Amino acid sequence: MVVEHVEHSESLMEKIKEKIHGDNSSDSDNDNKKEKPHSSSSSSSPSPSTVKSAINRLFGRQKPVHKVFGGGKPADVFLWRNKKISAGVLGGATAIWVLFELLEYHLLTLVCHCLILVLALSFLWSNAATFVNKSPPQIPNLCLPEKQVVEVASALSKEINCAISVLRDVASGRDVKTFLFVS
């Protein structure tokens, strides 16, 4: 029973090796064979570089995995060539997943809590700066022109009034088609 299992696994491994090394029957290989006539010596024994490239490339790919992923830093992170950055990305993605999926935290809540934290830290920094003779944080003044603010407010109020008018028409029965479509 054990001998049959060992023989079966060896024959399976040999079949896999033959598929990877011997039989590269992709369309591009067939095209190359049609274009280039081979001599009798080259067809019987492939060159070592061809064998090595076939070994290193999974599923008969033409390009390395790094090039398939676009090369550069994103491919390095995805292929774990820079382990610190890849671990940081994985840890950050895991933390976000835990926050939003497991703890059922919401994005708006997270943004509000972060803004409250920044506000509290800047308050503490500005108050502690007087005790330790440091300069308080420089918060830039934001000046909005009054004319632009009034224009935005009036345009927004017109849109809100138009939406309320449509809702009133639907609710009072003047626009039966929209009422039936909504309900």
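## Basis of the model

Because the structure is predicted, local features are described only where pLDDT is at least 70 and side-chain atom pairs count only at pLDDT 80 or more, while totals for chains, interfaces and linings use all residues. Residues are numbered from 1 along each chain as its sequence is written, and side-chain values use heavy atoms, with hydrogens and water left out.

## Overall fold

The chain has ten helices and zero strands, where helices (H or I, at least four residues) and strands (E, at least two) are DSSP runs numbered from the N terminus. Of the 183 residues in the chain, 5% are buried, a word that here means under 20% relative accessible area, with exposed meaning over 50% and partly exposed lying in between (1.4 Å probe, protein chains only).

Among the contacts with a separation of 6 or more, 15% join residues 24 or more positions apart; a contact means heavy atoms within 4.5 Å. The accessible surface comes to about 16,400 Å², and carbon and sulfur atoms account for 66% of that area, as computed by the Shrake-Rupley method with a 1.4 Å probe, where for residues only the protein chains shown count as cover.

## Annotated spans

An unreviewed UniProt entry carries the annotation "transmembrane region" for residues 85-100 and 106-125; the positions follow the numbering used here, feature names are shortened, and such annotations may be inferred rather than shown by experiment. In the model, residues 85-100 are 100% helix, with end C-alpha atoms 22 Å apart, whereas residues 106-125 are 95% helix, with end C-alpha atoms 29 Å apart.

## Helix α9

Helix α9 covers residues 146-172, and its 27 residues should span 39 Å at 1.5 Å a residue, which agrees with the 38 Å between its end C-alpha atoms. The expected span is 1.5 Å times one less than the number of residues. After α9 comes glycine 173, whose phi is positive, near 95°.

## Two residues compared

Histidine 66 sits in helix α5 (residues 65-68) and counts as buried because its relative accessible area is 16%. Leaving aside residues up to four places away in sequence, histidine 66 touches Gly71, Gly72, Ala75, Asp76, Leu79 and Arg81.

Leucine 12, by contrast, belongs to helix α1 (residues 2-22) and is partly exposed, with a relative accessible area of 42%.
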